[in-house]
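Hi there,

Here is the structure I promised to pass on to you. Have a look at it first, and then read my notes below.

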Amino acid sequence: MEIVSIGNQTITEFVLLGFYDVAELSLPFFIVFTLTYASIIAGNMLIIVAVVSSERLHTPMYFFLANLSFLEILYTSTVVPKMLEGFLQEAAISVAGCLLQFFIFGSLATAECFLLAVMAYDRYLAICYPLRYPLLMGPKWCLGLVVIAWLSGFMVDGLVVALMAQLRFCGLNHIDHFYCDFMPLMSLACSDPSAAQMTTFILSVVCLTVPFGLTLTSYARIVLAVLRVPAGASRRKAFSTCSSHLAVVSTFYGTLMVLYIAPSAVHSQLLSKVFALLYTVVTPLFNPVIYTLRNKEVHQALRRLLCIK
């Protein structure tokens, strides 16, 4: 990896500009995002503790949900603290630290793409094949799916970062974003970034469209199964749950697709940052609510955990 340089001067760090174009809102943004970050950590931690502490929740669905919560705590913590620093002062980050941040965040985001598809497939099996479900989703198979999801994320983004590390950066060392994202970094490259860009595009197409397609297929099968159920409260509840899950999942996949598969569709860097907020802050905030809102078992586990009678 080569050191960033401006002229003859050697520079060892980038400066994250964050939301400099709305600098007058820095303090309100800092307060809002600090509270949001605390809510993300607290909400996802509660789910993890509830799943671990309650034997009733030792099932595939909650095993996957606990993994999702742990994953979102990690990848939100990779980005948000640096973003909060940028609201108060100049957020500097070393070149190696910048690539490390992108690697960790990208790996976890990719792992979430696969994990969401696994969770949708799990619900499809549970609803459409209830008698065979315990056999189809045994402990070893569940563990294997989660390990594959995590490893796939780190392998995919490891390749991208290895190519990025070969680039030479020059010009201004300002990154017009609140974290070290791919496209803003590529705009600072002096050497040819085409190999990294093409690799990222191909991997993004595979790692976004395939899991999203599997997720949509699973929910479509679930909807068809629900349509066979006589109209009533159970049917309305199932449709409401599926629609809320799909709304959050589509937001996550959709924003990533726009930014990594069709970045030219976003003509404003400010709009790009807003899109990035959707998958870095908004979906981690709403996932704990969406996946547990109508879940009586989780509610009961949380009541026992918090000693609420």
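Let me begin with a term: buried means under 20% relative accessible area, exposed means over 50%, and partly exposed is anything in between, using a 1.4 Å probe and protein chains only. Gln 269 is partly exposed because its relative accessible area is 27%.

Two words on the source. This is a predicted model, in which local features need pLDDT of at least 70 and side-chain atom pairs count only at pLDDT 80 or more, while totals for chains, interfaces and linings use all residues. Residues are numbered from 1 along each chain as its sequence is written, and side-chain values use heavy atoms, with hydrogens and water left out.

Back to Gln 269, which lies in helix H9 (residues 269-292). Helices (H or I, at least four residues) and strands (E, at least two) are DSSP runs numbered from the N terminus. Contact here means heavy atoms within 4.5 Å. Leaving aside neighbours within four places in sequence, Gln 269 is in contact with Asp 176, His 177 and Pro 184. His 177 is 92 residues from Gln 269 along the chain, yet their C-alpha atoms are separated by 7.9 Å.

Not counting residues up to four places away in sequence, Asn 44 touches Ser 69, Glu 72, Ile 73, Pro 284 and Pro 288. For Asn 44 and Ser 69, 25 residues apart along the chain, the C-alpha atoms are separated by 4.9 Å.

Now the cysteines. A disulfide is taken as a pair of cysteine sulfur atoms within 2.5 Å, and by this rule the count comes to 1. The pair is Cys 98 and Cys 180, with sulfur atoms 2.0 Å apart. Cys 98 lies in helix H3 and Cys 180 in the loop between strand S5 (174-175) and helix H6 (182-186), so the link ties together parts that are 82 residues apart in sequence. The link is left-handed, with -120 degrees about the S-S bond, and both Cys 98 and Cys 180 are buried. Cys 142, in contrast, is in no disulfide, and the nearest cysteine sulfur, that of Cys 128, is 17 Å away. Cys 142 counts as buried at 4% relative accessibility.

On a 1 Å grid over the protein atoms alone, a cavity is a set of points where a 1.4 Å probe fits but cannot get out, and a pocket is an open set with protein on both sides within 12 Å along at least five of seven lines; lining residues have an atom within 4 Å of a point.

Of its 16 lining residues, Phe 114, Ala 117, Val 118, Tyr 121 and Leu 214 are the closest to the centre. Helix H3 (95-128), helix H5 (139-164) and helix H7 (194-227) each supply at least two residues of that lining, and H7 gives the most, with 6 residues.

Finally, the record. An unreviewed UniProt entry places the feature "transmembrane region" at several spans, including 61-80 and 92-121; its positions are given in the numbering used here, feature names are shortened, and annotations may be inferred rather than shown by experiment. In the model, residues 61-80 are 100% helix and 0% strand, with end C-alpha atoms 28 Å apart. Residues 92-121 are 90% helix and 10% strand, and there the end C-alpha atoms are 42 Å apart.

Best wishes
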